[in-house]
Amino acid sequence: MALDNGPVHGREALAELAGERVDHRFKGLPPDAYGLTLAELAGQRRNLFTDGFATPVLALSAERLEHNLKLMETYAARHGLAFAPHGKTSMAPQLFHRQIEHGAWGITLAVPHQVWVARAFGIGRIFLANELVDAAALRRLAAELDADPEFRFVCYVDSVRGVELMDAALTAAGAARPVDVVVELGAGAGARTGARTEADCAAVADAVAGTRTLRLAGVAGYEGEVPDADPERVHAWLRRLVALAADFDRAGRFEGLDEIVLSAGGSAWFDAVADVFAKVPGLSRPVLKLLRSGAYVSHDDGHYREVTPFNRVPAEGALEPAFRLWTQVVSRPSAEQAFANAGKRDAAYDLDLPFAQVVRPADGGPERPAAGIAVSGLSDQHAWLRTGPGAELEVGDWVGLGLSHPCTSFDKWQLIPVAEADGTVVDYIRTFF
(Lines give C-alpha, C1' and ligand atoms only; values in the text may rest on other atoms or scores of the structure.)
Protein backbone atom coordinates (compact mmCIF):
# COMPACT_ATOMS: atom_id res chain seq x y z
CA MET A 1 0.00 0.00 0.00
CA ALA A 2 1.36 3.42 -0.91
CA LEU A 3 1.48 6.21 1.59
CA ASP A 4 0.33 9.80 1.21
CA ASN A 5 3.80 11.30 1.23
CA GLY A 6 3.41 14.88 0.05
CA PRO A 7 4.78 17.93 1.88
CA VAL A 8 1.67 18.28 4.01
CA HIS A 9 1.94 14.67 5.15
CA GLY A 10 5.60 15.26 6.04
CA ARG A 11 4.73 18.21 8.27
CA GLU A 12 1.96 16.22 9.92
CA ALA A 13 4.33 13.31 10.61
CA LEU A 14 6.87 15.66 12.18
CA ALA A 15 4.11 17.18 14.32
CA GLU A 16 3.21 13.68 15.49
CA LEU A 17 6.81 13.19 16.59
CA ALA A 18 6.52 16.28 18.76
CA GLY A 19 3.44 14.70 20.33
CA GLU A 20 5.23 11.50 21.31
CA ARG A 21 5.32 11.00 25.07
CA VAL A 22 8.43 10.56 27.15
CA ASP A 23 8.72 7.11 28.72
CA HIS A 24 11.12 4.27 29.48
CA ARG A 25 12.16 3.85 25.82
CA PHE A 26 14.39 6.89 25.84
CA LYS A 27 17.77 6.95 27.59
CA GLY A 28 19.00 9.81 29.69
CA LEU A 29 15.80 11.84 29.98
CA PRO A 30 14.59 13.21 33.33
CA PRO A 31 12.39 10.65 35.11
CA ASP A 32 10.00 13.40 36.19
CA ALA A 33 9.38 14.18 32.51
CA TYR A 34 7.63 10.85 31.92
CA GLY A 35 4.19 11.47 30.43
CA LEU A 36 5.09 14.81 28.88
CA THR A 37 5.12 15.13 25.12
CA LEU A 38 8.43 15.92 23.49
CA ALA A 39 7.05 19.33 22.54
CA GLU A 40 6.07 20.02 26.15
CA LEU A 41 9.48 18.92 27.40
CA ALA A 42 11.29 21.04 24.80
CA GLY A 43 9.11 23.98 25.79
CA GLN A 44 10.37 23.72 29.36
CA ARG A 45 13.93 24.42 28.10
CA ARG A 46 15.47 22.30 30.80
CA ASN A 47 19.19 22.43 31.46
CA LEU A 48 21.09 19.29 30.50
CA PHE A 49 23.26 19.47 33.63
CA THR A 50 20.94 20.66 36.38
CA ASP A 51 17.38 19.68 35.49
CA GLY A 52 17.20 15.93 35.91
CA PHE A 53 18.92 14.43 32.88
CA ALA A 54 20.70 11.19 33.80
CA THR A 55 23.95 9.78 32.48
CA PRO A 56 24.79 8.41 30.08
CA VAL A 57 23.18 10.97 27.81
CA LEU A 58 24.16 11.91 24.27
CA ALA A 59 23.61 15.52 23.22
CA LEU A 60 23.90 17.47 20.00
CA SER A 61 25.15 21.05 20.03
CA ALA A 62 22.43 23.31 18.65
CA GLU A 63 24.94 25.89 17.45
CA ARG A 64 27.33 23.42 15.83
CA LEU A 65 24.55 21.50 14.14
CA GLU A 66 23.27 24.69 12.53
CA HIS A 67 26.81 25.71 11.56
CA ASN A 68 27.40 22.40 9.77
CA LEU A 69 24.09 22.57 7.91
CA LYS A 70 24.85 26.07 6.67
CA LEU A 71 28.44 25.27 5.75
CA MET A 72 27.60 22.37 3.43
CA GLU A 73 24.70 24.30 1.92
CA THR A 74 27.14 27.08 1.04
CA TYR A 75 29.81 24.65 -0.17
CA ALA A 76 27.46 22.82 -2.54
CA ALA A 77 26.06 26.06 -3.95
CA ARG A 78 29.54 27.54 -4.43
CA HIS A 79 30.63 24.53 -6.49
CA GLY A 80 27.45 24.10 -8.52
CA LEU A 81 26.56 20.80 -6.87
CA ALA A 82 23.16 19.43 -6.01
CA PHE A 83 23.21 17.81 -2.58
CA ALA A 84 21.55 14.60 -1.40
CA PRO A 85 23.18 13.94 2.00
CA HIS A 86 23.29 10.33 3.08
CA GLY A 87 20.45 9.85 5.54
CA LYS A 88 21.75 6.54 6.90
CA THR A 89 24.09 8.63 9.04
CA SER A 90 21.33 9.93 11.31
CA MET A 91 18.09 8.22 10.24
CA ALA A 92 16.45 11.28 11.77
CA PRO A 93 13.57 12.72 9.70
CA GLN A 94 13.79 16.02 11.59
CA LEU A 95 17.36 16.36 10.34
CA PHE A 96 16.34 15.26 6.83
CA HIS A 97 13.92 18.18 6.69
CA ARG A 98 16.48 20.60 8.09
CA GLN A 99 18.94 19.44 5.44
CA ILE A 100 16.34 20.06 2.74
CA GLU A 101 15.56 23.46 4.23
CA HIS A 102 19.27 24.14 3.85
CA GLY A 103 19.17 23.48 0.12
CA ALA A 104 19.44 19.71 -0.21
CA TRP A 105 17.95 18.27 -3.42
CA GLY A 106 16.82 15.17 -1.53
CA ILE A 107 18.12 12.43 0.75
CA THR A 108 20.39 9.47 -0.04
CA LEU A 109 19.60 6.14 1.63
CA ALA A 110 20.97 2.60 1.58
CA VAL A 111 18.23 -0.02 2.18
CA PRO A 112 14.44 -0.27 1.74
CA HIS A 113 13.58 0.27 5.41
CA GLN A 114 15.31 3.64 5.28
CA VAL A 115 13.32 4.57 2.17
CA TRP A 116 10.04 3.78 3.93
CA VAL A 117 11.05 5.93 6.92
CA ALA A 118 11.86 8.85 4.63
CA ARG A 119 8.61 8.43 2.74
CA ALA A 120 6.62 8.27 5.97
CA PHE A 121 7.96 11.74 6.73
CA GLY A 122 7.24 13.22 3.31
CA ILE A 123 10.68 13.09 1.65
CA GLY A 124 9.94 13.53 -2.06
CA ARG A 125 13.37 12.87 -3.63
CA ILE A 126 15.40 9.79 -2.70
CA PHE A 127 18.66 8.44 -4.09
CA LEU A 128 19.22 4.80 -3.09
CA ALA A 129 22.95 4.12 -3.17
CA ASN A 130 22.44 0.41 -3.69
CA GLU A 131 21.00 -2.00 -6.21
CA LEU A 132 17.44 -2.92 -5.18
CA VAL A 133 16.55 -6.53 -6.05
CA ASP A 134 14.09 -7.56 -3.32
CA ALA A 135 10.73 -8.30 -4.94
CA ALA A 136 8.61 -7.20 -1.97
CA ALA A 137 10.48 -3.91 -1.72
CA LEU A 138 10.13 -3.34 -5.47
CA ARG A 139 6.37 -3.94 -5.25
CA ARG A 140 6.07 -1.30 -2.58
CA LEU A 141 8.33 1.08 -4.52
CA ALA A 142 6.15 0.65 -7.61
CA ALA A 143 3.06 1.47 -5.56
CA GLU A 144 4.75 4.57 -4.11
CA LEU A 145 5.80 5.83 -7.53
CA ASP A 146 2.42 5.17 -9.12
CA ALA A 147 0.52 6.85 -6.26
CA ASP A 148 2.67 10.00 -6.17
CA PRO A 149 3.64 11.51 -9.55
CA GLU A 150 5.91 14.00 -7.74
CA PHE A 151 8.00 11.31 -6.02
CA ARG A 152 11.52 11.11 -7.54
CA PHE A 153 13.47 7.93 -6.90
CA VAL A 154 16.85 6.89 -8.31
CA CYS A 155 18.88 3.79 -7.46
CA TYR A 156 22.03 1.96 -8.50
CA VAL A 157 22.27 -0.96 -10.90
CA ASP A 158 25.57 -2.78 -11.30
CA SER A 159 24.77 -6.14 -12.91
CA VAL A 160 22.70 -7.65 -15.70
CA ARG A 161 21.31 -10.12 -13.17
CA GLY A 162 20.17 -7.25 -10.96
CA VAL A 163 18.42 -5.60 -13.89
CA GLU A 164 16.66 -8.86 -14.67
CA LEU A 165 15.45 -9.27 -11.09
CA MET A 166 14.23 -5.68 -10.93
CA ASP A 167 12.41 -5.98 -14.23
CA ALA A 168 10.71 -9.24 -13.26
CA ALA A 169 9.51 -7.86 -9.91
CA LEU A 170 8.29 -4.56 -11.33
CA THR A 171 6.55 -6.29 -14.23
CA ALA A 172 4.79 -8.67 -11.82
CA ALA A 173 3.75 -5.65 -9.74
CA GLY A 174 2.19 -3.98 -12.77
CA ALA A 175 4.37 -0.90 -12.31
CA ALA A 176 3.13 1.99 -14.44
CA ARG A 177 6.13 4.31 -13.92
CA PRO A 178 9.63 3.15 -14.78
CA VAL A 179 12.21 3.25 -12.01
CA ASP A 180 15.13 5.58 -12.70
CA VAL A 181 18.48 3.83 -12.34
CA VAL A 182 22.12 4.88 -12.58
CA VAL A 183 24.86 2.46 -13.56
CA GLU A 184 27.33 2.16 -10.70
CA LEU A 185 30.99 2.19 -11.69
CA GLY A 186 33.06 0.22 -9.20
CA ALA A 187 35.98 1.97 -7.56
CA GLY A 188 38.48 -0.74 -8.47
CA ALA A 189 39.47 -4.37 -8.04
CA GLY A 190 38.59 -5.58 -4.58
CA ALA A 191 36.49 -2.50 -3.83
CA ARG A 192 32.86 -2.64 -2.81
CA THR A 193 29.91 -2.75 -5.24
CA GLY A 194 29.77 -1.54 -8.83
CA ALA A 195 30.47 -2.84 -12.32
CA ARG A 196 34.23 -3.22 -12.60
CA THR A 197 34.89 -2.10 -16.18
CA GLU A 198 33.40 0.28 -18.71
CA ALA A 199 32.43 -2.74 -20.81
CA ASP A 200 30.57 -4.18 -17.82
CA CYS A 201 28.82 -0.84 -17.34
CA ALA A 202 27.76 -0.82 -20.99
CA ALA A 203 26.34 -4.33 -20.66
CA VAL A 204 24.27 -3.22 -17.65
CA ALA A 205 23.05 -0.16 -19.57
CA ASP A 206 22.07 -2.39 -22.52
CA ALA A 207 20.09 -4.59 -20.14
CA VAL A 208 18.26 -1.54 -18.75
CA ALA A 209 17.42 -0.40 -22.29
CA GLY A 210 15.83 -3.77 -22.93
CA THR A 211 13.22 -3.31 -20.18
CA ARG A 212 10.00 -1.35 -19.93
CA THR A 213 10.20 -1.00 -16.16
CA LEU A 214 13.58 0.77 -15.83
CA ARG A 215 14.97 3.99 -17.24
CA LEU A 216 18.68 4.81 -17.43
CA ALA A 217 19.10 8.18 -15.70
CA GLY A 218 22.88 8.48 -15.43
CA VAL A 219 25.98 7.05 -13.77
CA ALA A 220 27.27 7.07 -10.21
CA GLY A 221 29.72 5.57 -7.75
CA TYR A 222 31.55 6.04 -4.48
CA GLU A 223 35.09 7.34 -4.59
CA GLY A 224 35.64 6.49 -0.92
CA GLU A 225 36.22 2.87 -1.97
CA VAL A 226 39.09 3.64 -4.34
CA PRO A 227 41.90 1.26 -3.25
CA ASP A 228 44.79 3.04 -1.52
CA ALA A 229 42.90 6.30 -1.95
CA ASP A 230 44.93 9.45 -2.35
CA PRO A 231 44.16 12.65 -4.28
CA GLU A 232 45.68 11.35 -7.52
CA ARG A 233 43.86 7.99 -7.48
CA VAL A 234 40.54 9.52 -6.44
CA HIS A 235 40.71 12.20 -9.14
CA ALA A 236 41.59 9.55 -11.72
CA TRP A 237 38.58 7.42 -10.79
CA LEU A 238 36.24 10.41 -10.82
CA ARG A 239 37.49 11.29 -14.31
CA ARG A 240 36.61 7.74 -15.36
CA LEU A 241 33.10 8.27 -14.01
CA VAL A 242 32.69 11.52 -15.95
CA ALA A 243 34.07 9.88 -19.10
CA LEU A 244 31.56 7.05 -18.70
CA ALA A 245 28.71 9.54 -18.61
CA ALA A 246 30.07 11.25 -21.72
CA ASP A 247 30.45 7.91 -23.54
CA PHE A 248 26.89 6.91 -22.67
CA ASP A 249 25.65 10.29 -23.85
CA ARG A 250 27.44 10.03 -27.20
CA ALA A 251 25.89 6.60 -27.64
CA GLY A 252 22.40 8.10 -27.22
CA ARG A 253 21.68 6.22 -24.00
CA PHE A 254 20.11 9.26 -22.32
CA GLU A 255 17.53 10.13 -24.96
CA GLY A 256 14.25 11.29 -23.48
CA LEU A 257 15.73 12.55 -20.21
CA ASP A 258 15.35 16.09 -18.90
CA GLU A 259 18.69 15.79 -17.10
CA ILE A 260 21.56 13.34 -16.67
CA VAL A 261 22.39 12.24 -13.12
CA LEU A 262 26.10 12.19 -12.24
CA SER A 263 26.64 11.28 -8.60
CA ALA A 264 29.49 10.59 -6.17
CA GLY A 265 30.76 11.99 -2.93
CA GLY A 266 31.28 10.61 0.54
CA SER A 267 32.56 12.65 3.46
CA ALA A 268 36.30 12.26 2.85
CA TRP A 269 36.77 13.33 -0.78
CA PHE A 270 34.00 15.75 -1.71
CA ASP A 271 36.63 18.34 -2.63
CA ALA A 272 37.86 15.97 -5.36
CA VAL A 273 34.27 15.51 -6.52
CA ALA A 274 33.85 19.28 -6.74
CA ASP A 275 37.12 19.59 -8.69
CA VAL A 276 36.31 16.93 -11.28
CA PHE A 277 32.59 17.65 -11.62
CA ALA A 278 33.45 21.30 -12.36
CA LYS A 279 35.10 20.04 -15.55
CA VAL A 280 32.23 17.91 -16.89
CA PRO A 281 32.16 18.40 -20.67
CA GLY A 282 29.07 19.69 -22.40
CA LEU A 283 26.55 16.87 -22.72
CA SER A 284 23.32 16.69 -24.66
CA ARG A 285 21.28 17.50 -21.55
CA PRO A 286 21.80 19.38 -18.29
CA VAL A 287 23.74 17.40 -15.69
CA LEU A 288 22.51 16.96 -12.12
CA LYS A 289 25.82 16.81 -10.25
CA LEU A 290 24.71 15.08 -7.09
CA LEU A 291 26.93 15.04 -3.99
CA ARG A 292 25.99 12.54 -1.25
CA SER A 293 28.16 13.33 1.81
CA GLY A 294 26.31 12.62 5.07
CA ALA A 295 28.61 12.61 8.11
CA TYR A 296 28.91 16.41 8.05
CA VAL A 297 25.62 16.90 9.88
CA SER A 298 27.21 16.10 13.24
CA HIS A 299 30.84 15.67 12.11
CA ASP A 300 32.98 14.07 14.85
CA ASP A 301 36.06 14.32 17.06
CA GLY A 302 37.93 11.41 15.48
CA HIS A 303 37.88 9.81 12.05
CA TYR A 304 36.06 12.55 10.15
CA ARG A 305 37.97 15.30 11.93
CA GLU A 306 41.08 13.70 10.39
CA VAL A 307 39.77 12.97 6.88
CA THR A 308 37.45 15.90 6.17
CA PRO A 309 38.31 17.70 2.91
CA PHE A 310 38.14 21.00 4.77
CA ASN A 311 41.59 20.11 6.15
CA ARG A 312 42.84 20.37 2.55
CA VAL A 313 40.80 23.46 1.67
CA PRO A 314 40.68 25.48 4.93
CA ALA A 315 39.64 28.63 3.08
CA GLU A 316 36.26 26.96 2.46
CA GLY A 317 35.48 26.75 6.19
CA ALA A 318 35.52 24.02 8.82
CA LEU A 319 32.97 21.58 10.17
CA GLU A 320 32.46 21.42 13.93
CA PRO A 321 31.94 18.25 16.00
CA ALA A 322 28.40 18.48 17.35
CA PHE A 323 28.16 15.36 19.52
CA ARG A 324 29.12 15.03 23.16
CA LEU A 325 28.38 11.97 25.27
CA TRP A 326 28.05 12.74 28.96
CA THR A 327 28.90 9.97 31.40
CA GLN A 328 29.36 9.89 35.17
CA VAL A 329 32.27 8.50 37.17
CA VAL A 330 30.94 5.60 39.23
CA SER A 331 34.20 4.11 40.49
CA ARG A 332 37.70 5.43 41.24
CA PRO A 333 39.56 2.33 42.45
CA SER A 334 43.06 3.77 42.10
CA ALA A 335 44.97 6.91 41.25
CA GLU A 336 45.54 5.57 37.75
CA GLN A 337 42.06 4.34 36.94
CA ALA A 338 38.40 5.32 36.99
CA PHE A 339 35.20 3.94 35.50
CA ALA A 340 32.27 5.85 34.04
CA ASN A 341 28.82 4.56 33.21
CA ALA A 342 28.81 4.79 29.39
CA GLY A 343 29.98 1.86 27.32
CA LYS A 344 29.54 0.10 24.00
CA ARG A 345 25.75 0.41 24.29
CA ASP A 346 26.09 4.18 24.25
CA ALA A 347 29.25 5.21 22.38
CA ALA A 348 30.62 4.60 18.90
CA TYR A 349 33.77 2.48 19.09
CA ASP A 350 34.15 0.88 15.64
CA LEU A 351 36.73 3.41 14.40
CA ASP A 352 38.18 4.98 17.57
CA LEU A 353 37.51 4.97 21.26
CA PRO A 354 35.80 8.07 22.65
CA PHE A 355 37.91 11.04 23.70
CA ALA A 356 37.72 12.55 27.20
CA GLN A 357 37.28 16.29 26.68
CA VAL A 358 35.85 18.04 29.75
CA VAL A 359 34.87 17.37 33.34
CA ARG A 360 31.89 18.87 35.20
CA PRO A 361 32.51 18.44 38.94
CA ALA A 362 29.80 16.80 41.01
CA ASP A 363 29.84 19.76 43.41
CA GLY A 364 28.67 22.11 40.67
CA GLY A 365 32.01 23.78 40.10
CA PRO A 366 33.05 25.16 36.73
CA GLU A 367 33.64 22.87 33.76
CA ARG A 368 37.34 22.16 33.15
CA PRO A 369 39.41 20.36 30.52
CA ALA A 370 39.82 16.61 31.07
CA ALA A 371 43.57 16.98 31.55
CA GLY A 372 45.35 13.70 32.14
CA ILE A 373 42.22 11.62 31.47
CA ALA A 374 41.89 9.19 28.53
CA VAL A 375 39.46 6.43 27.57
CA SER A 376 41.47 3.22 27.42
CA GLY A 377 38.64 0.78 26.73
CA LEU A 378 34.90 0.14 26.73
CA SER A 379 32.84 -2.61 28.29
CA ASP A 380 29.16 -2.98 27.52
CA GLN A 381 28.19 -0.40 30.16
CA HIS A 382 31.47 1.08 31.36
CA ALA A 383 34.14 3.38 30.01
CA TRP A 384 37.61 2.54 31.30
CA LEU A 385 39.39 5.78 32.13
CA ARG A 386 43.15 6.05 32.50
CA THR A 387 44.12 8.94 34.77
CA GLY A 388 47.58 10.44 34.87
CA PRO A 389 49.37 12.16 37.77
CA GLY A 390 47.44 15.17 38.97
CA ALA A 391 44.26 14.33 37.04
CA GLU A 392 41.28 15.83 38.87
CA LEU A 393 38.46 13.27 38.86
CA GLU A 394 36.11 12.08 41.58
CA VAL A 395 33.19 9.69 41.83
CA GLY A 396 30.09 11.61 40.77
CA ASP A 397 31.85 13.90 38.27
CA TRP A 398 30.45 14.09 34.76
CA VAL A 399 32.89 13.54 31.89
CA GLY A 400 32.10 14.84 28.41
CA LEU A 401 33.31 12.50 25.67
CA GLY A 402 33.90 13.30 22.04
CA LEU A 403 33.04 10.53 19.59
CA SER A 404 34.38 9.12 16.34
CA HIS A 405 32.04 8.02 13.51
CA PRO A 406 28.61 9.71 13.42
CA CYS A 407 26.86 6.71 11.82
CA THR A 408 27.46 4.45 14.82
CA SER A 409 26.78 7.23 17.30
CA PHE A 410 23.27 8.09 16.09
CA ASP A 411 22.20 4.45 15.91
CA LYS A 412 22.59 3.85 19.65
CA TRP A 413 20.10 6.56 20.62
CA GLN A 414 16.37 6.73 19.83
CA LEU A 415 16.10 10.27 21.17
CA ILE A 416 18.88 12.85 21.34
CA PRO A 417 18.61 16.19 23.17
CA VAL A 418 19.76 19.26 21.25
CA ALA A 419 21.45 21.62 23.71
CA GLU A 420 22.66 25.19 23.43
CA ALA A 421 26.10 26.11 24.71
CA ASP A 422 24.83 26.84 28.23
CA GLY A 423 23.12 23.44 28.44
CA THR A 424 19.59 24.60 27.61
CA VAL A 425 17.84 21.78 25.74
CA VAL A 426 15.79 23.24 22.90
CA ASP A 427 14.78 20.17 20.89
CA TYR A 428 14.85 16.36 20.75
CA ILE A 429 15.92 14.41 17.66
CA ARG A 430 14.14 11.09 17.07
CA THR A 431 15.99 8.38 15.15
CA PHE A 432 14.58 5.36 13.28
CA PHE A 433 17.14 2.57 12.85
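The questions and answers below concern the pocket, the cavities and some strands of a predicted model.

Biologist: How much space lies in the largest pocket?
Modeller: The lining of the largest pocket is made up of 32 residues. Those that lie nearest its centre are His 86, Lys 88, Arg 192, Tyr 222 and Gly 266. The space in this pocket comes to about 570 Å³.

Biologist: Which element gives the most to the lining of the largest pocket?
Modeller: Two elements, β4 (125-131) and α11 (303-307), each supply at least two residues of that lining. The top contribution is 3 residues, and it comes from α11.

Biologist: How many residues in the lining of the largest pocket are charged?
Modeller: The lining has 13 nonpolar residues and 13 polar ones. The charged residues in it number 6.

Biologist: Is strand β5 mostly covered or exposed?
Modeller: Arg 152, Val 154 and Tyr 156 point one way from β5, and Phe 153, Cys 155 and Val 157 point the other way. Residues on both sides are buried, because buried means under 20% relative accessible area. With 6 of its 6 residues buried, β5 (residues 152-157) is mostly covered.

Biologist: Which residue in β5 is the bridge partner of Phe 127?
Modeller: β4 and β5 run parallel and are joined by 5 bridges. Together with helix α6 (residues 135-147), these strands make a right-handed β-α-β unit. The partner of Phe 127 in β5 is Val 154.

Biologist: Which residue in β6 is the bridge partner of Tyr 156?
Modeller: β5 is also joined to strand β6 (residues 179-184) by 4 bridges, and the two run parallel. Helix α7 (residues 160-172) makes a right-handed β-α-β unit with β5 and β6. In β6, Tyr 156 has as its partner Val 182.

Biologist: Which residue just after α5 takes a positive phi?
Modeller: Helix α5 covers residues 112-120, and its buried residues include Trp 116 and Arg 119. Just after this helix, a positive phi of about 80 degrees is taken by Gly 122.

Biologist: How much space lies in the largest cavity?
Modeller: A search of the whole structure finds 2 cavities of 30 Å³ or more. Residues lining the largest one include Ser 267, Phe 270 and Tyr 296, and the lining divides into 5 nonpolar, 4 polar and no charged residues. The space in it is about 50 Å³.

Biologist: Which helix gives the most to the lining of the second largest cavity?
Modeller: The second largest cavity has a volume of about 30 Å³. Among the residues that line it are Leu 69, Met 72, Glu 73 and Tyr 296. The most, 3 residues, comes from helix α3.

Note on methods
Residues numbered from 1 in each chain as written. Predicted model: local features only at pLDDT ≥ 70, side-chain atom pairs only at ≥ 80, totals over all residues. Heavy atoms only, no water. 1 Å grid on protein atoms, 1.4 Å probe; cavity = no way out; pocket = protein on both sides within 12 Å on 5 of 7 lines; lining within 4 Å. Points joined across faces, edges and corners; volume = space filled by probe spheres on them. Nonpolar A, V, L, I, M, F, W, Y, C, P; charged D, E, K, R; others polar. Buried < 20%, exposed > 50% of the residue type's maximum accessible area, 1.4 Å probe, protein only. Pairing = 2+ DSSP bridges. Right-handed = clockwise from strand over helix to strand, strands pointing away.
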